Structures are given as structure tokens and as C-alpha cells.
Amino acid sequence: MGRLVLFLTIIVFFAFSFFSEVQSASFRVINKCRHPIWPGLLSGATSPPLPTTGFLLSAGRSRTITIPRSWSGRIWARTLCGQDSDGKFSCVTADCGSGKVECGGGGAKPPATLAEFTLNGADGLDFYDVSLVDGYNLPMLIVAQGGTRGGCSATGCLVDLNGACPSDLRVARGNGTKSGRGGGVACRSACEAFGDPRYCCSEAYSTPDTCGPSAYSLYFKHACPRAYSYAYDDKTSTYTCASANYLIIFCPLPYTSQKVLGARKDGAPLPLVNKTMMYLSRPHSGSSSSSGPTRTQSIVAYVVAIAVAFFLFCPCLHAL
């Protein structure tokens, strides 16, 4: 009888382990920035808890997190973090307000580039996007791996928008706006910057028919065609995949190599990087115009072509 109980216990253990594995997704968070970041995670109100809500990720390192298949929530990265004289932890961009490395239920303070997920949603599909609706602080890429259905296409914002951010949206290193010592570290949304219902898609502008893209949201959209640029930017910004695992890469290099991203299943015509222009991080003087996104610094697409050619043949890509 003792052996039978032991045998049944082992069977139940392995069955439970197998079921748990099937009912979870793997999120590999990768830091390709040249500086440390502090990823934060916020679960939806009805989602199960995660093993972590925030952690340090040094340059060049990665961390894999097991995510329940019924989970929905956000992932982002905090930058320029440290402790004050009282031991309170805080970050210049995307701080979650917990005073600790773990966010503990706190969300990102705008501006922040957000990865948003709803796993196992309608028709068993995962829904995911990269959102700049709350502004931008870092480049980000989501890559779905091993999906069985849906488009499973990569999405994100691969370029650095901080240097070319319109001066009336720019956040400087010292938590100020516009120009500042050290240049821009984040780029606010027009909603946060001005509080105008037309930019926030609120009050009389709270429906898709009354709230359209603005000159400011088009700045984000032009540089990052697949990312959400304002609240009702659904048609070109939400992606689906079933039973996939995900790479979430911060500071990805601006290339579109199929060797890295894998074959796209949805045939989506939108590129990951704008084909005619890239915005590059560049110091701005105090005389920068505040006329908006029409006066940004740019470079022609041959930079993209050079990056693509180099990274297609770079052996380091196989580390992904």
C-alpha cells in the first residue's frame, strides 16, 4: 500500500507540473541598453500574482519570468534609478512610486514605453501591443515565439525618440521639461503635457469618431508605425498570437532581420522602422523650436540599410 501511495503521489506531481507548464507563458526580458534598467510589472485587477513586480537588469543581461496564461498587465523599464539618503528607491523615468525595487502594485509614472498583454483572451488568443499613449522613455520590441495561431508578428518602437522629441514634450534628466543638462531622457504625450481633452480622448472627444490623431501623436506614429500613438490607434497597433512565449527587448537595435524576428505570419505591411526616416538621439540646444514635431532632426534610410546588413551577418544575433 505504501508503494502504491508513493507511485500515485509521483504521478500526481508530474501531472501537476505538466499542467502548470502548459498553463503558463515564458517572458524573457532582455536589456540591450548600455546602462542598467529596472523593469516593472503591473497585473490587471483580476490577474493572478507574478513572482516579481520589479527588478534590476544590468546591461547585456536577461531574466525569464513565468507568466500565468490567464494574465493581463503591463511591463515597462525604469531608468536612472537609485536610493536617496533615507534609503528610498526612485527613478527619473517611469517610476512606480513604491520606494522600492519591487513595484508592489504600482504603475509606471508617465512618460513610459509600455508593453501591454492580455493572455488567453478571445478565441484563446494573446493580445499584445507596445504603447506610446503614456509617452516614451526607451525603445522596446516584443517578439512572439512558438505561437500556434494568430499573426504572431513582432511589434514595438525600435528607435530612440528622446533626442528628437519636440521641445514642449521633452523631459530632461533633472525631471524638468524642454532642454536641460544631459539632454532629454523621456518624451511626454500631448495629453500629459497639455491636459487637453482633444489629446486625451476624453470628455467630448471620448469616442473613435471624435478623437483622431494629432500632430504630436503622428510624431510617434511616423517613427514607430506599429506602436500605439493615441487611444484609438487599434487597427495598426494590436497583435495576436496563441500559446506563444515572448521576448521583451529594451533598446533593440533598429533592424528588421527575419533571422532574428522570424517569419511573419500575418503579412502585415507595416514596417517595424519607418522606411524613409529615423529619429536619432542628438543633443538639443536651448534654442530648439517649440513649434512641434515638424522640426525634428532626422537621417535618411541608408542608416537602416547599413544596420540591417551588419546584423544579418553578426554572429552575436544567435545569442537571442
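**Close-up 1. The disulfide between C157 and C224.** In this predicted model, C157 and C224 are joined by a disulfide, with the sulfurs 2.0 Å apart. C157 sits in strand β9, while C224 belongs to the loop between α4 (215-223) and β12, so the bond ties together parts of the chain that are 67 residues apart in sequence. Buried or exposed, what are C157 and C224? Both cysteines are buried. In bonding terms, a disulfide is a covalent link between two cysteine sulfurs.

**Close-up 2. The disulfide between C152 and C241.** Here the S to S distance is 2.0 Å, and the partners are C152 and C241. Look for C152 in the loop between β8 (140-145) and β9 (155-157), and for C241 in strand β12 (residues 239-241). The two are 89 residues apart, and the pair links distant parts of the chain. For anyone checking the geometry, the torsion about the S-S bond is 85°, and the link of C152 and C241 is right-handed. C152 and C241 are both buried.

**Close-up 3. The disulfide between C33 and C251.** The sulfurs of C33 and C251 lie 1.9 Å apart and form a disulfide. C33 is found in the loop between β1 (24-31) and β2, and C251 in the loop between β13 (245-250) and α5 (258-261), so this pair ties together parts that are 218 residues apart in sequence. Which hand does the disulfide of C33 and C251 have? The torsion about its S-S bond is about 80°, so it is right-handed. Why does C33 count as buried? Its relative accessibility is 4%, and the cut-off for buried is under 20%. C251 is buried too, with a relative accessible area of 16%. If you zoom out and search the whole structure, you'll find 8 disulfides.

**Close-up 4. T53 and its surroundings.** Where is T53? T53 has its place in the loop between β2 (38-43) and β3 (62-68). Its side chain makes a polar contact of 2.6 Å with the side chain of E102. The T53 side chain also reaches the backbone nitrogen of G104, at 2.9 Å. Which residues does T53 touch, not counting residues up to four places away in sequence? With those set aside, T53 touches P39, G40 and L41, along with E102, C103 and G104. So much for the contact list; the polar partners to pick out in this view include the side chain of E102 and the backbone nitrogen of G104.

Notes: Residues are numbered from 1 along each chain as its sequence is written. This is a predicted model: local features need pLDDT of at least 70, side-chain atom pairs count only at pLDDT 80 or more; totals for chains, interfaces and linings use all residues. Side-chain values use heavy atoms; hydrogens and water are left out. Helices (H or I, at least four residues) and strands (E, at least two) are DSSP runs, numbered from the N terminus. A polar contact is a pair of N or O atoms within 3.5 Å; within protein, one must be able to donate a hydrogen and the other to accept it, and residues adjacent in sequence count only if both atoms are side-chain atoms. Contact means heavy atoms within 4.5 Å. A disulfide is a pair of cysteine sulfur atoms within 2.5 Å. Buried means under 20% relative accessible area, exposed over 50%, partly exposed in between (1.4 Å probe, protein chains only).
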